[in-house]
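Below are some notes for a colleague going through this entry. They are set out as numbered points, to be read with the model open.

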Amino acid sequence: PRLPCDEQTFVLTGERNMTKRSLSWLIALLASFALIAAACGSDSDDDTSTDDTSTEDTSTEDTDADADTGDDADSDDADTAAGGEGSIWVLLPDTATSDRWEKDDRRFFAEGFEAAGLSEGADFSIVNAEGDSAVQISQAEQAIGDGASVIVLTSNDSGSGATIIDLAREAGVAVVEYDRFNTEGSGGDVYVSFDNVRVGATMADALEPAIDALDADTPQVVMLNGGEEDNNAFLFRDGYNAVVETRVAAGDWGLVEDQFVPGWDNAEALAIFDQILVGAGNEVDAVFAANDGIAGSVIASLENAGLDPTTIPVSGQDATQAGIQNVLLGKQTMSVYKPIKGEAAAAVQAALALRAGEDVTALTGDFTIIGINADGTPADSPTGEGVVPYIALVPIAVTADNVADTVVADGFRTLEELCTPEVSAVATELCG
């Protein structure tokens with residue numbers, strides 16, 4: 001096989017110090033050198049890509065030599081533009097549980113990678129499994145086959161997520177667990193999300209005074225949690241249940257129901273809450289709903305039962321268009337705004353660091369780096385046996401009073417999309 005040019009030079013230098021040979025041997029040798037020189041002057045990317053010996057001999061120690069000879073100059077430029085090699089694949093879960101995945105996360109990921117000099121289709125890809133775990137596993141396999149060096153994963157469920165992480169590990173592909181942590185495996189290389197216990201506590205911070213202001217001796221509350229297949233649902237619940245449990249134990253509140261909604265499915269949430277209302281004889285005074293989709297189902301159920309949702313405190317999360325509109329209409333007390341642009345930016349930062357072989361625990365930004373155990377519980381430190389580094393961002397409570405200063409000011413929601421005729425009639429100061 002053809003030797004790299006630097007090794008050919010070594011051979012030539014060595015031959016100059018050898019003892020005299022026969023004239024025919026020297027002529028043959030000189031002819032070989034002529035052929036080698038011609039090959040070095042006309043190297044192509046195709047030749048290099050199929051040359052196993054060359055790949056083995058030109059390790060990272062020879063980077064400067066490669067640059068000097070001009071070998072694979074285009075490839076080197078592409079690899080060092082954002083550091084490292086291989087493509088980055090973002091696997092999004094669906095469009096049904098929240099419109100954020102396609103409406104927000106996709107565009108923020110694309111903007112982040114493009115700002116780092118990567119191009120979509122060549123250096124990064126963003127796909128959506130539309131709620132199908134088997135499809136998402138297939139997408140992960142496609143990413144690995146494509147030569148991905150990093151997968152950013154928001155799984156449909158923890159089991160399939162763990163399978164994807166295992167597939168990636170076997171192929172030497174790093175994994176950023178994004179927004180949802182997978183508890184049925186050993187965990188990825190880093191987890192990027194908001195402080196999810198704090199998300200639930202933020203709901204309680206807003207709802208507790210609203211519940212205490214009700215004209216009821218012992219307000220009856222419901223906790224309608226997310227899907228049990230999503231570890232975040234438990235963390236959100238931990239956050240608001242800390243307040244609910246304390247107030248119920250003190251006899252201040254009564255707990256009507258504490259239920260999870262399979263798959264975060266809004267239709268399931270509607271059916272479940274319909275049953276709760278029937279079982280409670282419509283005696284429900286407040287609802288801790290785990291996200292805006294579930295909150296919307298609660299509001300619809302209350303209206304179907306002839307109840308006025310503006311008199312019943314309801315929480316939410318994700319600051320979706322419909323959620324913020326319900327907040328402005330007074331049908332939903334609050335929503336938790338998790339600046340998705342910041343979350344996606346942190347995930348982009350983590351993915352680029354892993355692609356470049358850098359330590360994610362050394363990253364800095366508008367977040368703290370804590371740790372999460374493989375079972376999804378908080379860890380004492382970002383590192384350690386069975387601990388995944390956790391880049392945790394801070395959530396923000398959005399009420400009708402601060403919509404303009406939060407989601408609108410950030411450009412996360414626009415007045416054009418929020419101010420429908422129905423909303424404008426109520427939110428006159430905001431909508432004009």
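1. In which loop does Glu130 lie? The model is predicted, and in it Glu130 sits in the loop between S2 and helix H8 (133-145). The phi angle of Glu130 is near 50°, a positive value in a residue other than glycine.

2. The open sheet. Eight strands make up an open sheet, and their order is S2-S1-S3-S4-S5-S12-S10-S11. The pairing in this sheet is mixed. Gly371 has Ala379 in S11 as its bridge partner.

3. Leu91. Strand S1 (residues 87-92) holds Leu91. Leu91 counts as buried because its relative accessibility is 0%, and the cut-off for buried is under 20%. The C-alpha atom of Leu91 is separated by 6.1 Å from that of Val152, although the two residues are 61 apart along the chain.

4. Asp179. A positive phi also occurs at Asp179, where the value is near 70°, again in a residue other than glycine. Asp179 belongs to the loop between strand S4 (174-178) and strand S5 (190-194). With 5% relative accessibility, Asp179 counts as buried. Asp179 is also one of the residues that lie nearest the centre of the largest cavity.

5. The cavity. How many cavities of 30 Å³ or more are there? The count comes to one. About 130 Å³ of space lies in the largest cavity. Its lining is made of 14 residues, and those nearest the centre are Trp101, Asp179, Arg180, Trp264 and Asp318. By class, the lining has six charged, five polar and three nonpolar residues. Helix H7 (100-115) and helix H11 (231-249) each contribute at least two residues to this lining.

6. The β-α-β unit. Helix H11, which supplies part of the cavity lining, also belongs to a right-handed β-α-β unit with S6 and S7. Strand S6 (residues 220-225) and strand S7 (residues 254-260) run parallel and are joined by six bridges. Within this pair, Met223 stands opposite Asp258 in S7.

7. The disulfide. A search of the whole structure finds one disulfide. It joins Cys419 to Cys431, with an S to S distance of 2.1 Å. The torsion about the S-S bond of Cys419 and Cys431 is about -80°, so the disulfide is left-handed. Cys419 lies in the loop between helix H17 (415-418) and helix H18 (421-426), and Cys431 lies in helix H19 (residues 428-431), so the pair ties together parts that are 12 residues apart in sequence. Cys419 counts as buried at 18% relative accessibility, because the cut-off is under 20%.

Terms used: Residues are numbered from 1 along each chain as its sequence is written. This is a predicted model: local features need pLDDT of at least 70, side-chain atom pairs count only at pLDDT 80 or more; totals for chains, interfaces and linings use all residues. Side-chain values use heavy atoms; hydrogens and water are left out. A disulfide is a pair of cysteine sulfur atoms within 2.5 Å. Helices (H or I, at least four residues) and strands (E, at least two) are DSSP runs, numbered from the N terminus. Buried means under 20% relative accessible area, exposed over 50%, partly exposed in between (1.4 Å probe, protein chains only). On a 1 Å grid over the protein atoms alone, a cavity is a set of points where a 1.4 Å probe fits but cannot get out, and a pocket is an open set with protein on both sides within 12 Å along at least five of seven lines; lining residues have an atom within 4 Å of a point. Grid points are joined across faces, edges and corners, and a volume is the space filled by probe spheres set on the points. Ala, Val, Leu, Ile, Met, Phe, Trp, Tyr, Cys and Pro count as nonpolar, Asp, Glu, Lys and Arg as charged, and the others, Gly among them, as polar. Two strands pair if DSSP finds at least two bridges between them. A crossover is right-handed if, with the strands pointing away from the viewer, the path from the first strand over the helix to the second runs clockwise.
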